[in-house]
Amino acid sequence: MLRRVWSIHRCYGKGCSPLLSWTTLTTIFLQQLLQHHFMAPVSLYFGIPTKESSGEEQLQLSLPGLCEYVEQPLTVGLKDKAACVRRVAVLGWAKIHSLLPNSEIDAAIVNELYGLLRDPDPVVMVNCLRALEEILQEEGGVAINKPIAHHLLNRLKECDVWGQSEVLAILQRYRPRSEDELFDILSLLDPSLLSHHAPVMAATLRLFLSLCATLPAVCLSALERVRGPLLAAAGSSSRELRYAALCHIQLLLRSDPGLMGEHYKRFFCGYAEPPYIKQSKIQVLVELVNDDNVGMVLDELKGYCTDVSMETSQAAINAIGSIGRSYSERCLDILTGLLELKQEHITSAVVQTLKELVWLSPLCGDAVCTALERWDDQLQDAQGRGALLWLLGVYGDRVSGAPYILEDFIAGVRSEVSAEVKAELLTATLRMYLSHPAETQDMMGRLLHYCIEEELDMCVRDQALLYYRLLHCGIEEVRRVLQGGRRSDLSLGPLIGRPPEPISQWASIFNTLESLTLGSSTVVNSDPSTPTAYTPNINTLMSSGDPDLTACSHGALSLSASPSLSPEEFERLWLQPEKGACLEAGVPCPVPSCSSESLQVALQLVNIQMLAFTPANKHPWKVYIYTHSSNTFISEGSRRPSQHLTSDGSRTPPQTLTSEGPRTPPQTLTSEGSRTPPQTLTSEGPRTPPQTLTSEGPRTPPQTLILAELLQVDREREEEPEERGKKGGVLVRMRQYPGDQTVLTGFLSVLTTVLQTLSAQPDHTHS
């Protein structure tokens, strides 16, 4: 061999540059090697040059002309008796396609690769799948029919971990033809759900959820099966695997919040764990809080608030605030106690959390006022200062030292760089002026003078001019504008968290990198109470035979509780009746005697989400709900402009979400004023028709948002004549954005059926 190389060099290498000589020499040498030695009967020797000729050397040497000499040996290698040769030959064809993507692989080779899917060696089978995926990429990848699918499933146990993951991923394309075939496949997949290899378990669960998309009970059972392997992965010694397992656990908790409830201690953080794992565990702990473990979880989170990592500390404080929406007294004690630590980043996070907590739960205001009475800290970050000013503006009339805290802010306004803090300072000072005029008058004048004459930010200057001109209108007008609006109703208790989501909403991103990016988002606490009252099922709700409800269930009117809507967004939209259609109607049935949890479950069965409700001992009974609709029929009524159907006329604003109004000025949906139509889901401006997710043109209906208020109507009350027909039942006030009278009518029919069904059922709350 060395003699042949030397002779080639003497014949072809004279007079050439060293690089060209070496390249030419290598090319000719490989050609000779392929032509004379690839046909050797020794299969093991055959496998070595095949791997080299199809490896990275070709790409590095940039010798695409060498591929024509490789095709014949690779074709022979596909039929070799040694498995190692067949493995490399299969991958060699994929390498050729990668080097020459514009060339077409012979159909005979493709058929040969399909035939090798039944090769007795499992590595050859998996390599064929990978090669066919690359070669047939433009055609959608390897075609999976029933014989191939069942063959791959039967041989799944023979493959290694990565081979099983590859097979399970490709089987996502196959759909069983019958229910019997589906359950046969599920029986074959069931052992893999309990695999101690996390990649195999995750790939199996994703295939399981894909096959059982129409069988939610089977999907929930599959989630129960993978609980053990997921917990084992969450406790792995590998940090990367732990983080991936925690992110996937968060996905599962979106559909089954109680899945890990008994194992909440497994998510307590270790001292040496990195911050990103600690924060993921904190998010999971918020989801697992209930009446039995709330004390232990809060004690654990309290310890994390003083963590050396500021991000972990802030995440723990935010988690306590989320839990405080259900267990306000315990959480307020912890939060106010953290203020005594006098650590700036902790104090700032606590103030921001208190702001969010009192906005959602106004009954927590007394504890916040007590904490503000002892305030003597200085905050450096803009978000913390803005939250403190908001609290002083709202509760300044109940805090004796509030004017003196504001005086320190006003004294340093020239060095303040945040426009948001200056705007909040203006509002807080003007509100303070209404309750403490003597202490605030001088500082109010100095602040307005600076903001109008010296401030460079136009937004702050315009806000100062607005307040200055408002003061010229009289103190009563100022009081009416700032404090005369509607505030949150103290009798309303917000529902914590979101309802259990359908598994189909996140099944497509399970076992993908997208689930890791979602894992860093904040997880909202779910409702910790376990409903023990009567739980209706969908068959009961459909038994009334209502035609509109039946049509809704068959797709004529499709309702969806996603995406979720925050209480702030609900209130902001409710205060803008001119932007959509309004409908007010009475439901001739008594108020359901079931608990609020049962009402929530019943509404969720028809994809209606309950946002807030009145406790059982409060009167009158109120419930606020929302849903998203997609109307698939077009009627003449839906083509006409939406009209307000309230009895007071379209110019009279209807009842709003709260009885006292928001504490911050409500924001509109657009920046062009209240006369501009609301923004759609496109980025082309407010006048662009709403776009749909299909490509069928404007005939596909857009998704709309429906808000509704349910109000108990007393039998004895005597009000306007138009209210007399609504006595002794439930009054329903609805808003829709954008407006469509046909959709509102269908929604009212669905809601009426649910209420009448619940009213006819006995009260099982105390049974």
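A crossing is left-handed if the near helix is turned anticlockwise from the far one by less than a right angle, and right-handed if clockwise. The model is predicted, so that local features need pLDDT of at least 70 and side-chain atom pairs count only at pLDDT 80 or more, while totals for chains, interfaces and linings use all residues. Residues are numbered from 1 along each chain as its sequence is written, and side-chain values use heavy atoms, with hydrogens and water left out.

**View 1. Helix H24 (residues 419–435) packs with helix H27 (residues 475–483)**. Their axes, lines fitted to C-alpha atoms over the stretch in contact, are 10 Å apart at an angle of about 125°. That makes H24 oblique to H27 (angles under 35 degrees count as roughly parallel, over 145 as roughly antiparallel, 65 to 115 as roughly perpendicular and the rest as oblique). H24 passes H27 in a left-handed crossing. The contact (heavy atoms within 4.5 Å) includes Leu 430 and Tyr 433 of H24 and Val 478 and Leu 482 of H27.

**View 2. Helix H25 (residues 437–453) packs with helix H26 (residues 458–472)**. Here the angle is about 135° and the axes are 8 Å apart, and H25 and H26 are therefore oblique to each other. Their crossing is left-handed, and among the residues that meet are Met 444 and Leu 448 in H25 and Ala 464 and Tyr 468 in H26.

**View 3. Helix H22 is mostly covered**. Of its 14 residues, 12 are buried (under 20% relative accessible area, with exposed over 50% and partly exposed in between, for a 1.4 Å probe and protein chains only), including Trp 390 and Tyr 395. What covers the buried residues of H22 includes H20, H21, H23 and H24.

Notes. Axes are lines fitted to C-alpha atoms, for helices over the stretch in contact, and angles run from 0 to 180 degrees between N-to-C directions. Helices (H or I, at least four residues) and strands (E, at least two) are DSSP runs, numbered from the N terminus.
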